[in-house]
Amino acid sequence: EAVKILTLCKMDHYFDAIVGADQVANPKPAPDTFLRCAALMGVDPTACVVFEDSKLGLKAAADAGMDGVDVLVTHAVENDYFL
């Protein structure tokens with residue numbers, strides 16, 4: 001669970017809203033997760049920027065009307081946890 005991980009890392013206080021796949025009817029690649037988070041923050045989805053490490057997440061962001069940053073490309077990170 002994201003809240004538990006952020007708490008253990010002492011980073012939970014940096015976030016106003018945390019939404020996981022278990023809190024929406026349709027998880028990524030559907031845009032529901034990002035749309036729910038925008039709604040909780042009271043922000044228009046088109047004003048949001050998503051930092052993502054997966055193509056499915058970037059698709060979900062685009063489908064939500066949000067800009068997406070591929071952190072794997074931006075930071076030249078190799079991601080093999082789905083292999």
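Helices (H or I, at least four residues) and strands (E, at least two) are DSSP runs, numbered from the N terminus. By that scheme, Pro 27 falls in the loop between H1 and H2. This is a predicted model, in which local features need pLDDT of at least 70 and side-chain atom pairs count only at pLDDT 80 or more, while totals for chains, interfaces and linings use all residues. Residues are numbered from 1 along each chain as its sequence is written, and side-chain values use heavy atoms, with hydrogens and water left out.

**Confidence**

- The average pLDDT (the predictor's confidence in each residue, from 0 to 100) is 90 for the chain, and 94% of the residues score at least 70.
- Among the elements of the chain, the highest mean pLDDT, 97, belongs to helix H2 (residues 32-41), and the lowest, 84, to helix H4 (residues 71-74).

**Salt bridges**

- A salt bridge is taken as a side-chain nitrogen of Lys or Arg within 4 Å of a carboxyl oxygen of Asp or Glu; the count by this rule is three.
- Lys 28 and Glu 52 form a salt bridge through their side chains, with an N to O distance of 2.5 Å. Because Lys 28 lies in the loop between H1 and H2 and Glu 52 in strand E1, the pair ties together parts that are 24 residues apart in sequence.
- Lys 55 and Asp 70 form a salt bridge whose closest N and O atoms are 2.8 Å apart. Lys 55 belongs to helix H3 (residues 55-63) and Asp 70 to strand E2 (residues 67-70), so this pair ties together parts that are 15 residues apart in sequence.
- Asp 63 and Lys 59 form a salt bridge with closest N and O atoms 2.6 Å apart. These two residues are four apart in helix H3, and are therefore separated by about one helical turn.

**Accessibility of the paired residues**

- In the second pair, Lys 55 is exposed, with a relative accessible area of 60%, and Asp 70 is buried, with 15%.

**Surroundings of Glu 52**

- Glu 52 is part of strand E1 (residues 49-52).
- The side chains of Glu 52 and Lys 28 also make a polar contact of 2.5 Å. A polar contact is a pair of N or O atoms within 3.5 Å; within protein, one must be able to donate a hydrogen and the other to accept it, and residues adjacent in sequence count only if both atoms are side-chain atoms.
- Contact means heavy atoms within 4.5 Å. Not counting residues up to four places away in sequence, Glu 52 touches Lys 28, Phe 34, Gly 57, Leu 58, Val 69, Asp 70, Val 71 and Leu 72.

**Loop between H1 and H2**

- Lys 10 is placed in this loop and is exposed, with a relative accessible area of 65%. Lys 10 is not a glycine, yet its phi is positive, about 60°.
- Pro 29 is also in the loop between H1 and H2. The peptide bond joining Lys 28 and Pro 29 is cis, with omega about 20°.
- Most residues other than glycine have a negative phi, and most peptide bonds are trans.
- Pro 27 is partly exposed, at 36% relative accessibility. Leaving aside neighbours within four places in sequence, Pro 27 is in contact with Ala 21 and Thr 33.
- Between Pro 27 and Asp 63 there are 36 residues of sequence separation and 12 Å in space, C-alpha to C-alpha.

- Leu 40, in helix H2, is partly exposed with a relative accessible area of 44%.
- Leu 40 touches Ala 17 and Val 19, not counting residues up to four places away in sequence. The C-alpha atoms of Leu 40 and Ala 17 are 6.4 Å apart, at a sequence separation of 23 residues.
- Phe 15 is in the loop between helix H1 (2-8) and H2, and is partly exposed at 40% relative accessibility.

Notes:
Buried means under 20% relative accessible area, exposed over 50%, partly exposed in between (1.4 Å probe, protein chains only).
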